[in-house]
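I opened a notebook page for this chain.

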Amino acid sequence: MHLDEIHGSADVKRVPKEELDSLAEEARARIIRTVAQNGGHLASNLGTVELTIALHRAFDFSTDRLIWDVGHQCYTHKLLTGRQAAFDTLRRFGGLAGFPRREESASDTFDTGHASTAISAAVGLARARDLKGEAYQVVAVVGDGALTGGMCYEALNDAGSSMLRMIVVLNDNGMSISRNVGAVSGYLTRMRSGKGWFDAKRRVSGFLKRLPLVGQPLYRVFHRVKNSIRNIFVQDRLFDSLGFHYLGPVDGNDIRGLESLFKRAKQLDEPVLIHVVTQKGHGYSQAEDHPTRLHGTPPFDVDTGRPLSQSAASMSAAAGEMLCTLAREDARVVAVTAAMTAGTGLRGFAEAYPQRLFDVGIAEEHAVTMAAGLAAGGLRPFVAIYDTFLQRGYDQLLHDVCLQRLPVCFLIDRAGLSEDGQTHHGIYGMAYLSQLPGMTVLCASSRAQLRAMMRYALTTTGPVAIRYGKADGRGSAAEEQAYAPRWQCLRAGKDAALLACGAMVCEALAAAELLQKQQIDCAVYDASCVCPLDAEALKQIRLPLITVEEGVLAGGFGSAVCRFCAEQGLPAPALMLGLTGLCATQGERAKQLSAHGLDAASIAQKVLNWRKNR
Ligand SMILES: Cc1ncc(C[n+]2csc(CCOP(=O)(O)OP(=O)(O)O)c2C)c(N)n1
């Protein structure tokens with residue numbers, strides 16, 4: 001049977017055993033081809049092809065519920081649940097999402113994107129099922145990387161004492177995006193290498209079962225006491241002691257072995273944790289050899305595994321390089337990351353200053369409070385983090401950093417719309433950071449400015465957040481100067497002033513060019529300090545104001561300007577351009593900007609409309 005004949009668990013069950021491997025190969029080839037064209041999460045998906053097929057054979061996900069943690073490994077699930085025809089549109093604007101989406105398919109039980117949520121969601125579903133007297137099984141698939149996140153332990157703690165019927169599949173490949181970190185990761189490694197017991201158990205079980213007459217009864221006795229025997233072989237039993245029936249570790253790339261274990265687990269009337277060991281990138285040598293580079297990748301060449309085009313100058317790389325410079329000059333400078341060393345450009349720093357980089361795992365709350373501790377201890381921590389993931393650390397920002405006015409600098413990467421869509425957009429940061437007492441919020445529109453802002457942050461005595469998008473749109477147009485928290489007039493004009501921050505500075509400059517052709521003369525300001533606002537500039541501009549931000553309008557930059565104008569008796573902004581409502585778009589940045597009216601052409605059009613309607 002081929003992929004195009006499969007539309008759900010029932011079809012996967014009909015695949016003859018001897019055709020399972022070729023089905024896995026077909027899915028794998030399709031994933032490689034599609035990600036090579038569209039970009040996406042590659043290595044994680046290649047590692048879970050067999051696991052997904054086995055899950056669909058053992059369970060029926062037209063009624064049973066499957067929750068993928070992070071959800072970046074759900075491509076095979078999409079292929080097996082009626083979405084193979086649309087798979088070429090994966091991650092494209094208007095196409096299939098790169099993550100599970102309930103709106104997209106009834107087979108997607110729970111939307112994910114951020115790590116470590118699946119066990120909590122599974123506990124909730126299992127409780128809902130029991131209260132409603134329903135019978136379906138709930139399965140959460142969680143990676144060992146996601147298991148570094150605190151929410152997992154809150155959920156395990158809750159579920160383990162509840163005797164809920166649910167299954168957690170721990171997909172252990174030893175990797176987060178980079179090599180996994182921390183004590184639990186070390187524990188899992190010991191479990192994997194304590195495999196001697198599992199081999200012994202298999203041999204003894206097989207031997208007993210084969211004994212005539214006494215075999216079966218002896219096997220049952222063995223089965224009952226095996227957990228206590230296992231203590232002798234496997235020293236530690238984290239999951240058992242948390243109240244989970246632990247099964248494993250098993251080969252997670254062996255469909256048949258997994259299928260029979262899942263079928264066994266299904267019979268158990270208690271929380272079960274199945275520890276499966278997969279290989280990240282399995283079946284594609286480039287991804288097996290470079291699982292970090294090919295964890296998430298832009299379009300790439302299948303032969304070499306290398307990106308098809310040179311990526312635009314990266315703000316992350318500039319942040320990483322500057323941090324090395326600052327660390328060289330100032331022994332107090334340290335870096336903190338929550339499992340995003342590569343994504344935030346800290347690889348070079350990790351090599352140059354391994355003792356001064358702290359990768360805490362996918363633990364943003366801990367990262368923020370730990371950084372506050374570092375600052376309280378006299379160091380100058382820079383926390384490099386994506387805007388969307390810092391949402392996790394909101395109370396920590398307030399309670400641990402801002403209330404104590406500790407000098408932690410947040411390097412907030414991927415501010416703005418994300419190709420990955422709604423779970424990953426960095427569009428709330430401007431609003432949520434600006435509410436925090438004493439937090440200076442800066443938006444960098446170029447690498448040069450970012451570097452200057454980082455140096456400036458070291459001169460302050462309180463918390464600073466520097467936000468920036470992925471690419472440096474202004475490039476060499478921006479000069480490196482000592483940063484002062486003032487707005488810069490980049491272009492004079494007499495009809496209106498476009499006040500833009502971050503990546504919107506480029507769009508505003510281009511919009512002003514377009515408007516010039518229509519005889520509308522707009523000034524453009526780089527409103528690099530969003531909190532506090534540049535009060536002097538605002539009082540002096542004396543033109544109709546148009547704010548432009550790649551973030552939610554409610555509580556954001558435009559709102560702050562509006563409030564300032566009301567307080568000062570100045571005219572309110574003529575236009576406030578930004579994002580409203582749920583931003584459910586994904587894919588190509590240019591298309592998203594245009595859909596939300598934030599590309600240069602749309603900005604110019606809105607200014608024209610405003611002029612006409614005045
Ligand atoms: C809260 C949060 N922080 C960071 C990330 C970025 N991220 C996506 S996948 C990933 C690694 C996940 O590792 P694991 O769960 O082991 O899955 P694998 O890719 O190894 O299969 C990280 C850090 C995220 N999705 N959510």
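**Entry 1: Gly143**

I looked up Gly143 and found it buried, because its relative accessibility is 17%. Buried means under 20% relative accessible area, exposed over 50%, and partly exposed in between, with a 1.4 Å probe and protein chains only. Gly143 sits in strand S3 (residues 138-143). Helices (H or I, at least four residues) and strands (E, at least two) are DSSP runs, numbered from the N terminus. I then listed the contacts of Gly143, where contact means heavy atoms within 4.5 Å. Beyond its neighbours within four places in sequence, Gly143 touches Leu170 and Asn171. I also took the C-alpha separation of Gly143 and Asp289, which is 19 Å for 146 residues along the chain.

**Entry 2: the model**

I noted that this is a predicted model, with local features needing pLDDT of at least 70, side-chain atom pairs counted only at pLDDT 80 or more, and totals for chains, interfaces and linings using all residues. Residues are numbered from 1 along each chain as its sequence is written, and side-chain values use heavy atoms, with hydrogens and water left out.

**Entry 3: the whole chain**

I counted 25 helices and 19 strands in the protein chain. The radius of gyration is 27 Å, close to the 25 Å of the globule rule for 614 residues, so the chain is as compact as a globular protein of that length. That radius is taken over C-alpha atoms, and the rule is 2.2 Å times the number of residues to the power 0.38. The C-alpha trace spans about 100 × 55 × 50 Å along its principal axes. Of the 614 residues, 58% count as buried. Among contacts with a separation of 6 or more, 76% join residues 24 or more positions apart.

I computed the accessible surface by the Shrake-Rupley method with a 1.4 Å probe. The surface comes to about 24,700 Å², and carbon and sulfur atoms hold 53% of that. For charges, I counted Lys and Arg as positive and Asp and Glu as negative, leaving out His and the chain ends. Each charge is placed at NZ of Lys, CZ of Arg, CG of Asp or CD of Glu. The mean positions of the 66 positive and 63 negative charges are 2 Å apart.

I checked Leu450, in helix H20 (residues 447-459). Leu450 counts as buried because its relative accessibility is 0%.

How many residues of helix H4 (residues 49-58) are buried? I found 10 of the 10, so helix H4 is largely enclosed by the rest of the structure. Among them are Glu50, His56 and Arg57.

**Entry 4: aromatic pairs**

I paired rings of Phe, Tyr and Trp (its six-membered ring) if their centres lie within 6.5 Å; planes under 30 degrees apart count as stacked, over 60 as edge-to-face and the rest as tilted. The count came to 11 aromatic pairs. Tyr284 and Phe300 make a tilted pair, 6.3 Å centre to centre with 35° between the planes. Tyr284 is in the loop between strand S6 (271-277) and helix H13 (285-289), and Phe300 is in the loop between strand S7 (296-297) and helix H14 (315-329). Both Tyr284 and Phe300 are buried.

Tyr386 and Phe389 are stacked, because their ring centres are 5.6 Å apart and their planes are at 10°. Tyr386 is buried at 11% relative accessibility, and Phe389 is buried at 13%. Phe59, Phe61 and Phe262 are linked by ring pairs into a cluster.

**Entry 5: backbone**

Most residues other than glycine have a negative phi, and most peptide bonds are trans. I looked for departures. The bond from Gly248 to Pro249 is cis, with omega near -5°, and Pro249 is in strand S5 (residues 245-251). The bond from Cys531 to Pro532 is also cis, with omega near 0°. Pro532 lies in the loop between strand S17 (529-531) and helix H22 (535-541).

Val70 is not a glycine, yet has a positive phi of about 65°. Val70 counts as buried at 15% relative accessibility. Met163 has a positive phi near 60° and is partly exposed at 49%.
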